[in-house]
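Work through the exercises below with the sequence and the model open. Try each task before reading its solution.

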Amino acid sequence: MSQTDFHYQKKELPASLSRLGIIIFVVGTVLSLLAFFVDQERAIFNYLVTYMMIVSIGLGSLFLIGLEYIAGADWSTPIRRIPEFFAMLLPVLLVLVIPLLVFNHDLFHWAHKEAVADDKILQGKAPYLNVTFFIVRTFVFIGLWSLFYWMMVRNSRKQDETKDQTLTKKNIRLGAIFIPVFALSITFTAIDFMMSLEPHWFSTIYGVYYFAGTVVASLAAITIAVLKLKEKGYFSPWMTDDHLFSLGALMFAFINFWAYIAFSQFMLIWYADLPEETFWYLIRWEGGWVFISILLMIVHFFVPYFALLTQPSKMNPKRLKFIAIWLLFAHLLDMFWLIMPNMGSMKNGYVFSWIDLVFPIAGTGLVILVFAFAAKKANLIPIGDPKLKRGIDFHL
Amino acid sequence: MHNDKKIYGIAATFKTPDEIINAAKKVSSAGYIQYDVNTPYPVHGMDAAMKIKPSKLGFVTLVMGLAGAALALLMMYYMMSVDYPMVIGGKPFFALPAFIPVTFELTVLLATLSTVGAMIALFFRLPDNQHPLHDTAYMKSVSGDKFGLVIEASDVKFDEKSVTDFLKSLHALNTEIIYYPEEVAYPIFQPKFIMFLIAISVVVSGGTYFMLNKLVYMTPFNWMMDQDKLTPQKPSELFADGRGMRTPVEGTVAQGFIPYPYKGQTNPTEVLANPFLPTKENIALGKAKYFTYCTPCHGDFADGDSRLRGQFPNPPTLHSKRARDFSDGMIYHIITNGQNVMPSYASQITRDERWAIVNYVRVLQRAKNASDADLIDMNKEAGSNVAN
């Protein structure tokens, strides 16, 4: 093993990153506000797509941090700060979620009192699907995520100064508590914000499906950030192809997992052929949606599968970065495919509108902004972590 | 002492993974090519230290995996769409989503089995599965807690003295000269080994056969299964003549059953009289039974115009002069006994129902051949004053 002597010198991220974030965010927000005045329903559905995308990146990152601690992984320790920065999106959700709660009437069919009144099925689901409980749940989940984010990241940063190894132990314990909390909360979040858009439909694997996409998206975001920082020399000289390989291999695993879950959900519904289940897929096979459905299979599975199959593709930074950006778009398409066909006027086929494009711009700006803000206050590498040395010397 | 033996190589053991990585690096940069490292578990970074190129085994996996996928799809296409097409769950014969799980399994199965097979065949150099390192103290220690490195004699730079010194300079715990075994044989061709394989396969297949065909069919208790009882297609042990029941006394009449005296006669000289009046209820019953049993051949209105016409000896109309002149008892006789192609309906239709059908046939015949008087009667019943 290379016995690298490692001395960390704090190197600030360039101010241009924040400036870039602000510009993109402001432009995106202005366009999004405009969209709200043009077509409120379409705008709020698109807002939900971007919101779920941000939840994916933030929550998936916190999950990966927790996973690293309880699995005792070395290789990801030197780059753990990247998911930590992304996880700062979680407390931001407390603000981001408010428009969804305000405009719940536009989004959720079950929020219409008169619709529930003459619908036996919705009446049966009313104890769970009602506006009060929905708002309470939402804030409890975001609160729990923010709490775990705050505790784990605080321990991690404190370790930079104190080099106290018991903090790692504390985070292992926190991670072990967080994983089941995460499993339940992400399932209910997926049900609340996406499955309940079509309140008559149900799929027990839905939460797992969203989870699979979440990890793909957060890994893709982390990979892009890591590669960008490596390009600019923040991670030299220690970062090797083996670190990149591990990121690529994990992404590869989770796109397979996503395909496995997506197919499991589809096959059972297709085979049982019950009208109460199949209509959800039939809507997505209607008009223009059929092309988006087929595109999703290709973009989210077949292309990245063969692109990441070989060893060099996971080690070559250029190719890996391309695939990571590709996968972020794939997840965005996945969210779009899950959410948009539920919009009343889109059930008979997809109709393009500029509104679909502006919200991801604002989202990108926000993610960059939050990342830059979080990175300003912390070291880019957890210099106090006892696993850091082994992580830096990691070889396959 | 060992001068007559051929040297295979020189082995050295090290204490820690760091030392073996370091040693592997030194050996490879010293220019040795024919050497190998043996460790109790995979040591991270070894590939880079030994400057090993990525294995080509992945190509076997890829090719065989794709072959497995293609084979699975072809197999299911042939079975489900060509050889024995069967509708399952209303799905098309070639139902791709239903085939995906099997395709996936066969892909994985073929890819993994052929990878392992190729690995054994290539790396063990079958059929020569013997290796000089087997049964050495060196192999025992590197299977435990030591990390070992062997420089082979086939390397062009090999020299017994210089290699030993070189390995010692790397702070090896100890070095050992490994010799080829005295007799070079292919152990997998030895009679002992082949006998052993045969014995194993006999035991395994016998055991499998016993478990699948005998053990799983063994009954946990048998006093219900093996009791004295009547079994179809087998002589019974209840009576000496092998029958399970006694034949009833001659002339016995079953309950609710009246024997038909003209059974089997084609042209009976006398027939029974109709015991039922054509009441509304009786005719309704007859109509229901007529539609169940008679319409398939004779048609809804007894015209003999059912869908069987033209595919079969044409069923006769019941409106012919001959049929109209039949007495009730004769029609009953034909239903009971059958006529020409028509079989007996005695077993399907009860006696009373047969008489009801006779009454309904009479209704049909009268409707088809109504007289003027009938029309007048009908109009009277309907309260109409249009008499003509």
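**Exercise 1. The sheet of chain B**

Task: Find how many bridges join strand 2 to strand 3 of chain B, and give the strand order of the sheet.

Solution. Strand 2 of chain B is joined to strand 3 (residues 147-152) of chain B by four bridges, and the two run antiparallel. Strands here are DSSP runs of E with at least two residues, helices are runs of H or I with at least four residues, and both are numbered from the N terminus. Two strands pair if DSSP finds at least two bridges between them. The model is a predicted one: local features need pLDDT of at least 70, side-chain atom pairs count only at pLDDT 80 or more, and totals for chains, interfaces and linings use all residues. Residues are numbered from 1 along each chain as its sequence is written, while chains are lettered from A and ligands numbered from 1 in the order in which they are written.

Next, take single partners. B:D36 has B:V150 of strand 3 of chain B as its bridge partner. Strand 3 of chain B is also joined to strand 1 (residues 7-14) of chain B, by six bridges and again antiparallel. Opposite B:G148 of strand 3 of chain B stands B:T13.

Then assemble the sheet. It is open, has four strands in the order 2-3-1-4 (chain B), and its pairing is antiparallel. Strand 2 and strand 4 (174-179) of chain B are the edge strands, each pairing on one side only. From one strand to the next the twist averages 20°.

**Exercise 2. Faces of strand 2**

Task: Decide which side chains along strand 2 of chain B are buried.

Solution. In a regular strand the side chains alternate between the two faces of the sheet. Buried means 20 or more other C-beta atoms within 10 Å of the residue's own, exposed means 12 or fewer, and partly exposed lies in between; C-beta atoms are placed from the backbone.

**Exercise 3. Helices across the sheet**

Task: State which strands of chain B helix 1 lies across, and which helix 6 lies across.

Solution. Helix 1 of chain B lies across strand 1, strand 2 and strand 3 of chain B, at about 15° to strand 3 of chain B. Helix 6 (residues 160-169) of chain B lies across strand 1, strand 3 and strand 4 of chain B, at about 10° to strand 1 of chain B. Axes are lines fitted to C-alpha atoms, for helices over the stretch in contact, and angles run from 0 to 180 degrees between N-to-C directions.

**Exercise 4. A helix pair in chain A**

Task: Describe how helix 4 of chain A crosses helix 9 of chain A.

Solution. The axes of helix 4 (residues 89-96) and helix 9 (residues 131-162) of chain A come within 8 Å and cross at roughly 150°. Helix 4 of chain A is therefore roughly antiparallel to helix 9 of chain A. The cut-offs are under 35 degrees for roughly parallel, over 145 for roughly antiparallel, 65 to 115 for roughly perpendicular, and oblique for the rest.

The crossing of helix 4 and helix 9 of chain A is left-handed; that is, the near helix is turned anticlockwise from the far one by less than a right angle, and clockwise would be right-handed. A:L90, A:P91, A:L93 and A:L94 of helix 4 of chain A make the contact with A:I142, A:W145, A:S146 and A:Y149 of helix 9 of chain A. Residues are in contact if their C-beta atoms, placed from the backbone, lie within 7 Å. By class, this contact of helix 4 with helix 9 of chain A has seven nonpolar, one polar and no charged residues. Ala, Val, Leu, Ile, Met, Phe, Trp, Tyr, Cys and Pro count as nonpolar, Asp, Glu, Lys and Arg as charged, and the others, Gly among them, as polar.

**Exercise 5. Where the chains meet**

Task: Find which helix of chain B supplies the largest share of the side that touches chain A.

Solution. Start with the totals: 12 residues of chain B are in contact with 10 residues of chain A. Helix 1 (17-29), helix 2 (46-50) and helix 4 (96-123) of chain B each supply at least two residues of the side of chain B that touches chain A. The largest share, three residues, comes from helix 4 of chain B. By class, the side of chain B that touches chain A has six nonpolar, four polar and two charged residues.

**Exercise 6. A loop histidine**

Task: Locate A:H200 and list its contacts beyond four places in sequence.

Solution. A:H200 lies in the loop between helix 10 (166-193) and helix 11 (206-231) of chain A. With 14 other C-beta atoms within 10 Å, A:H200 is partly exposed. Leaving aside neighbours within four places in sequence, A:H200 is in contact with A:I121 and A:E276.

Terms used:
Contact = placed C-beta atoms within 7 Å.
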